[in-house]
Amino acid sequence: MSKATIKDLKDHVGEEVTLDGWVYNKRAIGKVWFLILRDGSGMAQCVVVKGEVDDDIFDLEQTLTQESSVSVTGLVKEEPRSVGGYEIGVTNVNVHQVADEYPIRPKEHGTSFLMDNRHLWIRSKRQNAILKVRHQVIKACRDFFDNNGFTLVDTPIFTANACEGTSSLFAVDYFERSAYLTQSGQLYSEATAASFGKVYCFGPTFRAEKSKTRRHLTEFWMVEPEMAYYNLDDNMELAEQFVEYIVQWCLENCKTELEILERDTSNLEQVKVPFPRITYD
């Protein structure tokens, strides 16, 4: 018996493994009940059959609640009809904690309620998928610049002055003088580009503007490259290659998440260089 993750079940068919995770759902049909387990890497159906487990294990169907923490041991089987294509024939369930009633129900909730329960909301399929896509976007950004001769230089988050308009600065008390949360790493990166040639920074930036729209955030992460001796055509070529790389990487590595998000990928598949260019004239 070995520890395994759900995404790696394909490598353990015919073996007995233990999965650590949380109860996503469960249902019972006579002398069989099904536990849908999630572990952060995916979901798997675990089948509990009366007579194949001790009575106290079979009776857990009445006890376990959504998001209860458990370790499930059983035999891995290939089952195309199951979520993920594999299932566990359960031999044991070790309960770590029975969760209180899960507040997010299968119904419409207001944004305010969901944001108040953000730490739980990210356990849902769509929110989980969004964060996984974000992870791959960030990885693609870093990989693109790392693979094209750029040096990552982290720029300060506390700054002495504004990079852009002074009206959108968050001022903080900084040892009896004023400092500000950064709007951009641009000024620092312009200096380091003169040392390294091609640099980028990637980190949190802040704008003291009320978030009145979905595109107006007080805090967000921004990637900023700076290149010495680049002209306008060089800039445009780099931007095209950068966007193409990120989109194509996510199409290849986020198939499951894009399906969960019901994203039509046909337009994304057409994001290929060269892009159309329009002159100022």
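Is Trp 249 buried, partly exposed or exposed? Select Trp 249: at 23% relative accessibility, the residue counts as partly exposed (buried is under 20% relative accessible area, exposed over 50%, partly exposed in between, with a 1.4 Å probe and protein chains only). Before going on, note that this is a predicted model, where local features need pLDDT of at least 70, side-chain atom pairs count only at pLDDT 80 or more, and totals for chains, interfaces and linings use all residues. Residues are numbered from 1 along each chain as its sequence is written, and side-chain values use heavy atoms, with hydrogens and water left out.

**Stop 1**

**Stop 2**

Show all of α6. Its 22 residues reach 32 Å from first C-alpha to last, close to the 32 Å expected at 1.5 Å a residue (the expected span is 1.5 Å times one less than the number of residues). Colour its buried residues, including Leu 238, Phe 242, Ile 246 and Leu 251. Among the elements covering them are α4 (125-146), β12 (219-227), α7 (255-260) and α8 (266-269).

Move over to α4, where the end C-alpha atoms are 31 Å apart, in agreement with the 32 Å its 22 residues should span. Its buried set includes Val 133, Ala 140, Phe 144 and Phe 145, and the buried residues pack against α3 (118-121), β11, β12, α6 and α7.

**Stop 2: the cores**

Which residues have the most contacts inside the largest nonpolar core? Pick Leu 9, Leu 19, Val 72 and Ile 88, in a core of 23 residues (a core is a set of buried Ala, Val, Leu, Ile, Met, Phe, Trp, Tyr and Cys residues joined through side-chain atoms within 4.5 Å). Elements giving it two or more residues include β2 (16-29), β5 (69-78) and β6 (86-97). Apart from it lies another core, of 21 residues, with Phe 145, Phe 242, Ile 246 and Leu 261 among them.

**Stop 4**

Go to Gly 197, in the loop between α5 (186-196) and β11 (198-206). Leaving out residues up to four places away in sequence, Gly 197 touches Thr 192, Glu 226, Met 227 and Ala 228 (contact means heavy atoms within 4.5 Å).

**Stop 3: an open sheet**

Last, show the three strands in the order β8-β10-β9, paired antiparallel (two strands pair if DSSP finds at least two bridges between them). β8 (158-159) and β9 (170-173) are at the edges with a single partner strand each, so one side of each has no neighbour in the sheet. Two bridges join β8 to β10 (residues 178-181), and Phe 158 stands opposite Leu 181 in β10.

Key: Helix = DSSP H or I, 4+ residues; strand = E, 2+ residues; numbered from the N terminus.
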